[in-house]
Amino acid sequence: MGQLIISVSGLRGVVGQSLTPQVASRYAAAFVSQLSEPGPIVVTRDGRPSGPLLAAAIHSTVTSCGRNVLDGDVAATPTTGILVRQHRAAGGIQISASHNPAEYNGIKLFGPDGRVVNASLGATIAQAYQVQTAMEVPAARTGQLARMTDTTSQHLKLVLATVQCDAIRQSRFRVLLDANHGAGAILGRALLESLACHVTILGEEPHGEFAHPPEPTASNLADISDHVSNNRYDVAFCQDPDADRLAIIDERGQYIGEEYTLALTLENRLSQQSGIVVTNCSTSRMALDIAAKYNSQCVTSAVGEANVADLMLARQAIYGGEGNGGPIDPRVGLVRDSFVGMAQILELMALRKQSISQLVSQLPTYHIVKSTIPIARENMGRLFELIEDATLNPPEGKSSQESPYASTGTLPLFQTTISRLDGLRVDWPDRWMLIRGSNTEPIVRVVAEARSVSDAQQLCNLAAELAAKLGDQA
């Protein structure tokens, strides 16, 4: 609970324990010390009550390092990326713990291109923070603090430019937006009203006192689902606190979930233009199937928004995203964006004249199961070897073409591909499994997807069985 979690794109921790104004100040100084571009630093926050305290520390630090600060107050994470580009800033700092519980907060860093910093720069910043890099600036060269009065117009313009607005406006959709007192309603209301939707917003005021746990999962959104089923809405959109992730509830009150956000936006985008799309290696295979349907290529990156964006740039992708509800449209920015998701899903509904439930019923059907396995860090490599061996070498008496469903204790054995891009991923024609070590705990996380829940669960169970063998051998 008290541990500070530092990744390549930022940090997060419990406010008053691992994350204090002093920590935020040191980290901001490390960030500024590694920036080569001239220009101000954009600073925003997601609405949590601890945000102003951390923002004040960051403002003071950045200006004392000789940089001007453009403060956007409460703004969504994708909006922050737009503001960095719009104001030709040297970088951006978003104060947010994303979907973490209310006691957490964090810092996410943006480069001058308006995207989350890449792994190389992020690692350099983390190292500078660890060695307490300091910058000495003469008092005469300290920066100034300015407040931005309009943080949403440019973002709104870019999102609207990606869709056929008139078609959406003619549909007059009834939309429920659950912003859960995060940053999402600031642009969310403007966007939905611009599209002539009849809008109801829950948790509009961005004070960070969440009405329900902030991660947009089915259990956390049960009350929202009930509200939809008891009222007449065409769709409900549910954001996380910094509004880079989007979950969907259909017109019947059925939770659709975050994996379908990217699938639906890909269906919409690729039906208009074929091209390369990028997802991370823990995203549903729906993306691969949809790309194939439209004569497009789906390529895979390591987990993490920055990795997806890197590969999108390298492959000149027309779209990308992560299965946690984060579509990325490079026409808007290389940041996961719930507003892109809302506008483009409404466009798909309008152009096809179909409900959300009808659109989802036409997508490929897969089921994802996730689990964790306690394991010492030094044994992770051995676990990967056991899984590879069980996959590639059939047990005695079984052929490589035998049904993967035949017995417990064996993995599917036919047409197998193995990747060490990020942890260990094993792919078969109709299912896959990803095993990745945690950066903060002695566990591995297992994600499996198959045509049925039982088949996906079997893969997780088999990974656990192989991990148990390591204990038996100890």
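Which helices and strands cover the buried residues of helix H7? The points below take this up for the predicted model, then turn to other elements.

1. Helix H7 spans residues 184-194, and its buried residues are Gly184, Ala185, Leu187, Gly188, Leu191 and Leu192. These residues cover an arc of only 165° around the axis, which puts them on the same side of H7. The cover over them includes three helices named here, H3 (77-86), H5 (153-160) and H12. Strands also take part, among them E8 (174-178), E9 (198-202) and E10 (235-239). Just after H7, alanine 196 has a positive phi of about 60°.

2. The largest nonpolar core holds 58 residues, and the members that touch the most others are Leu191, Leu195, Phe237, Leu264, Leu346 and Ile356. The element that gives the most to this core is helix H12 (residues 338-352), with 9 residues.

3. Phenylalanine 237 deserves a separate entry. Leaving aside residues up to four places away in sequence, Phe237 touches Val175, Leu176, Leu177 and Asp178, then Leu246, Ala247 and Ile248, and finally Met342, Ile345 and Leu346.

4. How many aromatic pairs does the model contain? The count is 1. The ring centres of tyrosine 27 and tyrosine 129 lie 5.6 Å apart with the planes at 75°, and the pair is therefore edge-to-face. Tyrosine 27 belongs to helix H1 (residues 21-33) and tyrosine 129 to helix H4 (residues 119-130), so that the pair links distant parts of the chain, 102 residues apart. Tyrosine 27 and tyrosine 129 are both buried.

5. Two arginines are placed over tyrosine rings. The charged end of arginine 26 sits over the ring of tyrosine 129, 4.2 Å from the ring centre. Tyrosine 129 is also a member of the aromatic pair with tyrosine 27. Elsewhere, arginine 174 lies over the face of tyrosine 233, with 5.4 Å to the ring centre.

6. Are the residues of strand E5 buried or exposed? Strand E5 (residues 91-95) is mostly covered, with 5 of its 5 residues buried. Gly91, Ile93 and Ile95 point one way from the strand, while Gly92 and Gln94 point the other way, and all are buried.

7. Strand E5 pairs with two strands listed here. With E3 (residues 41-45), E5 runs parallel and is joined by 5 bridges; one of these contacts has arginine 45 with isoleucine 95 as its bridge partner. With E6 (residues 104-110), E5 runs antiparallel and is joined by 4 bridges. Here glycine 92 has phenylalanine 110 of E6 as its bridge partner.

8. Helix H10 (residues 286-293) has Met286, Ala287, Ile290 and Ala291 as its buried residues. Viewed down the axis of H10, they fall within an arc of 130°, so they line one face of the helix. Ala292 and Lys293, on the other side of H10, are exposed. The cover over the buried residues of H10 includes helix H9 (259-270) and strands E12 (276-280) and E13 (297-301). After H10 comes asparagine 295, with a positive phi near 55°.

9. Two of the elements covering H10 are themselves paired: E12 and E13 run parallel and are joined by 5 bridges. Isoleucine 276 has glutamine 297 of E13 as its bridge partner. E12 is largely enclosed by the rest of the structure, because 4 of its 5 residues are buried.

10. How is leucine 313 classed by accessibility? Leucine 313 has 48% relative accessibility and therefore counts as partly exposed, given that exposed requires over 50%. This leucine is found in helix H11 (residues 305-315). Not counting residues up to four places away in sequence, leucine 313 touches Arg115 and Leu334. The C-alpha atoms of leucine 313 and leucine 334 are separated by 8.9 Å, and the two residues are 21 residues apart along the chain.

Methods
Residues numbered from 1 in each chain as written. Predicted model: local features only at pLDDT ≥ 70, side-chain atom pairs only at ≥ 80, totals over all residues. Heavy atoms only, no water. Core = buried A, V, L, I, M, F, W, Y, C linked by side-chain atoms within 4.5 Å. Buried < 20%, exposed > 50% of the residue type's maximum accessible area, 1.4 Å probe, protein only. Contact = heavy atoms within 4.5 Å. Phe/Tyr/Trp six-rings, centres within 6.5 Å; stacked < 30°, edge-to-face > 60°. Lys NZ or Arg CZ within 6 Å of the ring centre and 35° of its normal. Arc of directions from axis to C-beta. Pairing = 2+ DSSP bridges.
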